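Hi everyone, thanks for coming.

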Amino acid sequence: MRIAVGSDHAGFDLKSALAEHLAAGGHEVVDLGTDSPDVSVDYPVFGLAVARAVAGGQADRGLCVCGTGIGIGIAANKVDGVRAALVHDVTTASLARRHNDANVVCLGGRITGLAEATDAVDTFFTTAYEGGRHQKRLDEISQYESSRTDPAETTVGGTGDDHERQQPSS
């Protein structure tokens with residue numbers, strides 16, 4: 001699998017260790033930066049770079065790391081077609097893939113230890129998307145991305161899904 005990786009300075013050490021681990025596991029790793037933990041840089045630059053690589057087909061999946069994983073994930077999710085998920089452990093990594101078909105995994109270099117991050121990343125890159133009832137929800141996100149039309153405006157009432165569709169309150 002071709003994996004784009006990126007981080008800010010706070011995520012550099014964890015990103016580097018995970019990139020090395022992924023390469024040792026046979027993955028092709030494309031490191032989009034940053035190149036040092038010593039120079040403060042802005043996480044959006046690197047989250048967007050990873051997301052663009054995934055959305056553009058230059059990478060199959062992505063890995064983003066900043067201090068908490070939150071900011072870089074927010075940035076990555078601004079790119080249409082990217083489903084970046086902040087994970088903390090194997091459970092959240094598995095669910096991100098199984099239920100959300102996440103294509104970018106985000107971690108916090110100041111939050112998640114190397115052993116736990118390694119296990120989470122291994123789980124993320126080996127877990128398949130389940131589809132089924134989850135696909136409708138991803139289709140709603142894709143619909144919004146392509147038309148900027150709120151799916152709640154076009155889908156009202158029961159859907160035959162496992163629960164009734166709820167409308168947000170105004």
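Let me start with the term: a salt bridge here is a side-chain nitrogen of Lys or Arg within 4 Å of a carboxyl oxygen of Asp or Glu. What we're looking at is a predicted model, where local features need pLDDT of at least 70 and side-chain atom pairs count only at pLDDT 80 or more, while totals for chains, interfaces and linings use all residues. Residues are numbered from 1 along each chain as its sequence is written, and side-chain values use heavy atoms, with hydrogens and water left out.

On that definition, the structure holds five salt bridges. One of them joins D101 to R83, with the closest N and O atoms 3.3 Å apart. This pair links distant parts of the chain, 18 residues apart: D101 sits in the loop between α4 (90-100) and β5 (104-108), and R83 in the loop between α3 (70-76) and β4 (84-86). Helices (H or I, at least four residues) and strands (E, at least two) are DSSP runs, numbered from the N terminus.

D101 also meets the side chain of R97 in a salt bridge, at 2.8 Å from N to O. Are R97 and D101 buried or exposed? Both are buried, meaning under 20% relative accessible area, with exposed being over 50% and partly exposed in between (1.4 Å probe, protein chains only). R83 is partly exposed, at 22%. Through shared partners, salt bridges join R83, R97 and D101 into one network.

Now for another pair: D31 forms a salt bridge with K15, the closest N and O atoms being 2.9 Å apart. D31 is in strand β2 (residues 28-31) and K15 in helix α1 (residues 12-24). K15 is buried, at 0%, whereas D31 is partly exposed, at 41%.
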